[in-house]
Amino acid sequence: FIIGLFAKIQMVALPLSFIAVDYWYNKEMNFKVIIQKWPYFLGSLTFGLLGIYMLQGQGSLETNTNFNLLERLFIGAYSLLVYIVKFVVPYKMLPLYAYSPTLDWMHYISMPIVISLFIGLFILYKKDKRAVIFGFAFFFFNIVFLLQILGAGQGYLADRFTYIAYLGLIFIVCYYLDQYLKNNAASSTLMYSISGIYIILLSFLSYKQIGYWKNSGTLWSRVLEFQNNTSLPYNNRANYLRDLKLYDQALLDYNRAIELKAGHATYNSRARLFFNKNENQKAIDDYNIAINLQPNKAEYYVNRGAAKARLGILDEAIKDFDKGLSIDPTWKVGYLNRSIIYNQAGNFQKALEDIDQYLKFEPNNSDIWYEGGRCLRALNDLNKAITYYSNAIKINPKGLYYLERGKTYKILGQEAQAQSDINKARSLGEPVNF
């Protein structure tokens, strides 16, 4: 259970699922049955609160909507009905279902339907229709945290998280199908045929759905076919296009996302596009906006520092790196970028300190071991420089690394080792001028 909680926050529903199983096995439903599971409820509560805290830190709970609690109850009721309908007919499967700016008649009519549903379930409970009550309870307990009544986020549905919850509804279908076939053996061929056709249809839909998930371009373009009034799909497709260096197309998507009131992350992403295009002042302008919107993100300061360094504003760049690393000392890129500036300025001691910090997070980066060796040689710490060059060679035996280690051996007067390394560098195609 603890391992599951660390793996996926949806595990918080397990104690409630236990209660449903207790009911199915005809255990007496009383407070004792619940209190016996207190370690599980405590674990769920702890990880649930921790999960909310972490999601807030990641920005995953941010939304452009401003619904009050009553309106969110209507949204929850509507979502519950949609999940039930999609169990039978999995239509319009998307990774994002954005909120409407306002509630419509479908949201309002869903509440009396859900109330009627629970009244019907209560009647079935009184009639001891155990299979229905167990199956629906299992479904509801595993879907209730996705109904966005108290939570928030970019979307009000999440198809991809229903696979556990739907086991409850599948149980109801299979239980009564089994009962029907036992009492109507003559209809078995027809029922199996209908079930087979239905499974084939679902298989086709699954195969078709896979195509939309080919890459972020196809996925978010699919979302935009249905929902073009929210920023997230534009932002995500733009990130994909930017990484493909399709900058003009990506910029159109970023601009559209910002028109739709995208948050600080989109300004940071568009700034990275400008940085990649070497439009550094535009990048700085966007980083400024991102920082104003979210002043506690180390990444934004470090990224802005890199853009300032490109423009030669080195003192301000250093201040940005310092600020970013003070917010998050684990943001390794800050150490790397700052080491480059210190190196260029001839401050090899500080450059080496940042390189050592970076290597704590990326110990298999051969180029950084090599850069550390260069700093050590500049500081005349030749034996330690040999160690750094050797580490680089162990990870990636480049000719350049052998050449520089050979030069260091030569300074130390270790001619045999120096010649061996120089010969190795030459055999690997590295130009040797001595």
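Q: Where is Asn-278 found?
A: Asn-278 sits in the loop between α13 (264-276) and α14 (280-293). Keep in mind that this is a predicted model.

Q: And what is phi of Asn-278 near?
A: Phi of Asn-278 is near 65 degrees. That is a positive value in a residue other than glycine.

Q: What about phi of Lys-92?
A: Lys-92 has a positive phi of about 40 degrees, although it is not a glycine. Lys-92 is found in the loop between α5 and α6 (105-126).

Q: What does Gln-294 count as, by relative accessibility?
A: Gln-294 counts as partly exposed, because its relative accessibility is 22%. The cut-off for buried is under 20%.

Q: Which residues is Gln-294 in contact with?
A: Gln-294 is in contact with His-264 and Tyr-300, leaving aside neighbours within four places in sequence.

Q: How far apart in space are Gln-294 and Ile-411?
A: They are 51 Å apart, C-alpha to C-alpha. In sequence, Gln-294 and Ile-411 are 117 residues apart.

Q: New topic: Gln-10. Buried or exposed?
A: Gln-10 is buried, because its relative accessible area is 16%. Gln-10 is in the loop between α1 (2-7) and α2.

Q: What does Gln-10 touch?
A: Gln-10 touches Asn-142, Leu-146, Phe-161 and Tyr-163. That leaves out residues up to four places away in sequence.

Q: Now helices. At roughly what angle do the axes of α2 and α7 cross?
A: The axes of α2 (residues 14-24) and α7 (residues 130-143) cross at roughly 175 degrees. They come within 9 Å.

Q: What does that make α2 and α7 to each other?
A: Roughly antiparallel, because angles over 145 degrees count as such.

Q: Which residues make the contact?
A: From α2, they are Leu-16, Ser-17, Ala-20, Val-21, Tyr-23 and Trp-24. From α7, they include Arg-130, Ile-133, Phe-134, Phe-138 and Asn-142.

Q: How many residues of each class are in that contact?
A: The contact of α2 with α7 has eleven nonpolar, two polar and one charged residues.

Q: Next, pockets. What is the volume of the second largest pocket?
A: The second largest pocket has a volume of about 940 Å³.

Q: How many residues line the second largest pocket, and which lie nearest its centre?
A: The lining has 32 residues. Lys-86, Phe-87, Pro-90, Tyr-198 and Leu-202 lie nearest the centre.

Q: Which elements give two or more residues to that lining?
A: They are α5 (69-88), α8 (166-183) and α9 (188-212). α9 gives the most, with twelve residues.

Q: And the lining by class?
A: The lining has 21 nonpolar, five polar and six charged residues.

Q: Last one: Thr-408. Which helix is the place of Thr-408?
A: Thr-408 is in helix α21 (residues 399-411). With a relative accessible area of 0%, Thr-408 is buried.

Q: What does Thr-408 touch?
A: Thr-408 touches Arg-377, Leu-382, Ala-385, Ile-386 and Tyr-389, not counting residues up to four places away in sequence.

Q: How far apart are Thr-408 and Ser-221?
A: Thr-408 and Ser-221 are 187 residues apart in sequence. In space they are 55 Å apart, C-alpha to C-alpha.

Notes
Residues are numbered from 1 along each chain as its sequence is written. This is a predicted model: local features need pLDDT of at least 70, side-chain atom pairs count only at pLDDT 80 or more; totals for chains, interfaces and linings use all residues. Side-chain values use heavy atoms; hydrogens and water are left out. Axes are lines fitted to C-alpha atoms, for helices over the stretch in contact, and angles run from 0 to 180 degrees between N-to-C directions. Helices (H or I, at least four residues) and strands (E, at least two) are DSSP runs, numbered from the N terminus. Angles under 35 degrees count as roughly parallel, over 145 as roughly antiparallel, 65 to 115 as roughly perpendicular and the rest as oblique. Contact means heavy atoms within 4.5 Å. Ala, Val, Leu, Ile, Met, Phe, Trp, Tyr, Cys and Pro count as nonpolar, Asp, Glu, Lys and Arg as charged, and the others, Gly among them, as polar. Buried means under 20% relative accessible area, exposed over 50%, partly exposed in between (1.4 Å probe, protein chains only). On a 1 Å grid over the protein atoms alone, a cavity is a set of points where a 1.4 Å probe fits but cannot get out, and a pocket is an open set with protein on both sides within 12 Å along at least five of seven lines; lining residues have an atom within 4 Å of a point. Grid points are joined across faces, edges and corners, and a volume is the space filled by probe spheres set on the points.
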